[in-house]
Amino acid sequence: MTDADLAALAAHHGTPTYVLDLDDVRARLAELRAAFPDAHVHYAAKANGHPAVLRALAERGAGVEAITEGELRAAAAAGVPGSALLLGGPGQDAAARAAARELGVALVSLDGRAQAAAWRAEPGPLPRFLVRVHPQLDPATHPHLATGAMGSKFGVTPAVAAALARDLAEVGRLAGFHVHVGSMIADPRTYDALLAVLDPLFDAVPEARVANLGGGFAVPGADLPAVAARVVPWVRRRGLELRLEPGRFLVADAGTLLTRVLWRKEPGETGGRTHWICDAGMTHYARHALYGAEPPIRGVGTLRGRPATGDVDGPACENGDRLGTDRTLAADAGDLLAVGRAGAYGAAMASTYTAAPRPAEVVIDGGVARLARRRETPADLAARDA
Ligand SMILES: *Cc1c(COP(=O)(O)O)cnc(C)c1O
């Protein structure tokens, strides 16, 4: 997208608006498959569950990792067959289990003993199970993303995982082990540590044939060839079936959030800093408030202000309501900004906090843009109230 294209989209659809280029998503999938030619890919739908994304990936044979009934049904509606669906997640409530059975979900990742018992207590055929291992590592990442670190709620210890896997193998329902070590993993050596945890488990339970190594590839910064150089020979040597669950890697770079500057506040007004108050903030893009994310932000077209360094803030009454810290921009009120790498955990995490309608979403496919989700309206928000 050129700046002129982005400006035209903002003029036509208003702001804040998410723009997502499906060709970019397809290119990332091809890149992933080039690095891991034998892997089954289950796209983590929570990164961006828009049906256009699910369809584009399904058309290319990718599966989906879902954690709710809603994600399972959206994936099925987008054309993902049950054989390519994987249900995971620490919640996995009765509605998700029922939908998984109905849709013939091939693989379910169990997050604990009680979940295993719940599946086995319910009537109906059982799927094949992965046991999610808590690797108790300390991946060098933000604590909220370090799902494999000590103290996180995910998975069970290797000892419990082995016992649970043996129980499942006895009833012929064991597929293998699952681990998702965290998100934004940039250091390929994390996978050495991960394989060191998994290796003895596959030794201990020879019926385990599937190794699901989760997602978490950093954007930017993932070195897929370096990860593959560790993982692929291990998988081949053990004769395992590799599964991967990337979310961010497939969609982050494909997305842009367009936001307009509402007001520029000068350092003299606020006690020292320039603040650009934009029409998008934590309500529309939660990643700064949640994880301290600092996405790339640039002006679109010619900006009208003098250059300054300051914070790109949102419109809500929260200190954490921010898009970017210490940015140098020449933006003034009315100028358009593009928040990059916004395709993952952007629109998917938008809320209606402050009764702000959720943004419009534009999808570009083969260079052609279309409104793929209309902007919410105050009437939409009121419609649920009694
Ligand atoms: C969130 C999640 C993913 C995807 O993580 P990314 O960082 O977006 O790649 C994959 N697997 C599981 C179990 C997850 O919770």
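Biologist: Which residues touch the most other members of the largest nonpolar core?

Modeller: Bear in mind that this model is predicted. The largest nonpolar core holds 85 residues. Those in touch with the most other members are Phe36, Val131, Phe177, Leu198, Phe217 and Val231.

Biologist: Which residues is Val131 in contact with, leaving aside its neighbours within four places in sequence?

Modeller: Val131 is among the core residues that touch the most other members. Set aside its neighbours within four places in sequence. Its contacts are then Leu110, Val156, Ala161, Leu164, Ala165, Leu168, Leu174, Gly176, Phe177 and His178.

Biologist: How many residues does each domain bring to the contact between them?

Modeller: The chain is divided into domain 1 (3–19 + 252–383) and domain 2 (22–251). Taken over C-alpha atoms, their centres are 32 Å apart. The contact takes 21 residues from domain 1 and, from domain 2, 21 residues.

Biologist: Which residues come nearest to the ligand?

Modeller: There are 14 residues around the ligand. They divide into three nonpolar, six polar and five charged. Those that come nearest are Lys46, Ser183, Glu245, Arg248 and Tyr345.

Biologist: What percentage of the ligand's accessible area does the protein cover?

Modeller: Start with the polar atoms. A side-chain N or O atom of Glu245 is 2.6 Å from a ligand nitrogen atom, and a polar side-chain atom of Tyr345 is 2.5 Å from a ligand oxygen atom. A backbone N or O atom of Gly247 lies 2.9 Å from an oxygen atom of the ligand. Of the 390 Å² of accessible area that the ligand has on its own, the protein covers 94%.

Conventions:
Residues numbered from 1 in each chain as written. Predicted model: local features only at pLDDT ≥ 70, side-chain atom pairs only at ≥ 80, totals over all residues. Heavy atoms only, no water. Near = heavy atom within 4 Å. Polar contact = N/O pair within 3.5 Å; in protein donor to acceptor, adjacent residues only side chain to side chain. Areas by Shrake-Rupley, 256 points an atom, 1.4 Å probe, with all protein chains shown as cover. Nonpolar A, V, L, I, M, F, W, Y, C, P; charged D, E, K, R; others polar. Core = buried A, V, L, I, M, F, W, Y, C linked by side-chain atoms within 4.5 Å. Buried < 20%, exposed > 50% of the residue type's maximum accessible area, 1.4 Å probe, protein only. Contact = heavy atoms within 4.5 Å. Domains from an automatic or database assignment.
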